[in-house]
Amino acid sequence: VLRSIENKLGIIAIDGGQFEEGFDMLQSSAEKNYAPAIFNLAICYEKGLGVKKDEKMVNKSFFIDLFTG
């Protein structure tokens, strides 16, 4: 349940312009192997939301999401 809440709070923070805080919440949720958060992290890396753009991390996150989702 916690990982789902962290994911939702991360999305809310990003939608509210608090990119770093949102990224941190998503990362915490993703570290608990929550597939939606892993997918959302990939989007953060792709768009540079709360983190520097990083295509390697985008690909890695999408790959991990495939096998955890």
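**View 1. H1 and H3 cross with left-handed geometry in this predicted model.** The axes of helix H1 (residues 2-15) and H3 come within 10 Å. They cross at roughly 25°. Angles under 35 degrees count as roughly parallel, so H1 and H3 are roughly parallel to each other. On the H1 side, Asn-7, Ile-11 and Ile-14 make the contact. H3 answers with Pro-36, Ala-37, Asn-40 and Cys-44. By class, the contact of H1 with H3 holds five nonpolar and two polar residues, and no charged ones.

**View 2. H1 packs on H2, again with a left-handed crossing.** Here the axes of H1 and H2 come within 7 Å and cross at roughly 160°. Angles over 145 degrees count as roughly antiparallel, which makes H1 roughly antiparallel to H2. H1 contributes Arg-3, Ser-4, Glu-6, Asn-7, Leu-9, Gly-10, Ile-11, Ala-13 and Ile-14 to the contact. From H2 come Phe-19, Glu-21, Gly-22, Phe-23, Met-25, Leu-26, Ser-28 and Ser-29. The contact of H1 with H2 divides into eight nonpolar, six polar and three charged residues.

**View 3. H2 meets H3 at an angle of about 140°.** The axes of H2 and H3 lie 8 Å apart. The two helices are therefore oblique to each other. Their crossing is left-handed. Phe-23, Leu-26, Gln-27, Ser-29 and Ala-30 form the H2 side of the contact. Ala-37, Ile-38, Asn-40, Leu-41, Cys-44 and Tyr-45 form the H3 side. The residues of the contact of H2 with H3 comprise eight nonpolar and three polar, with no charged.

**View 4. The largest pocket has a volume of about 160 Å³.** Three helices each supply at least two residues of its lining: H2 (19-30), H3 (35-47) and H4 (55-68). H4 gives the most, with four residues. The lining of the largest pocket consists of Gln-27, Ala-30, Glu-31, Asn-33, Ile-38, Leu-41, Tyr-45, Met-57, Lys-60, Ser-61 and Ile-64.

**View 5. The lining of the largest pocket, sorted by class, has six nonpolar, three polar and two charged residues.** Gln-27 and Ala-30 line the pocket and also belong to the H2 side of the contact with H3. Ile-38, Leu-41 and Tyr-45 are in the lining too, and they sit on the H3 side of that contact.

Note on methods:
Residues are numbered from 1 along each chain as its sequence is written. This is a predicted model: local features need pLDDT of at least 70, side-chain atom pairs count only at pLDDT 80 or more; totals for chains, interfaces and linings use all residues. Side-chain values use heavy atoms; hydrogens and water are left out. On a 1 Å grid over the protein atoms alone, a cavity is a set of points where a 1.4 Å probe fits but cannot get out, and a pocket is an open set with protein on both sides within 12 Å along at least five of seven lines; lining residues have an atom within 4 Å of a point. Grid points are joined across faces, edges and corners, and a volume is the space filled by probe spheres set on the points. Ala, Val, Leu, Ile, Met, Phe, Trp, Tyr, Cys and Pro count as nonpolar, Asp, Glu, Lys and Arg as charged, and the others, Gly among them, as polar. Axes are lines fitted to C-alpha atoms, for helices over the stretch in contact, and angles run from 0 to 180 degrees between N-to-C directions. Angles under 35 degrees count as roughly parallel, over 145 as roughly antiparallel, 65 to 115 as roughly perpendicular and the rest as oblique. A crossing is left-handed if the near helix is turned anticlockwise from the far one by less than a right angle, and right-handed if clockwise. Contact means heavy atoms within 4.5 Å.
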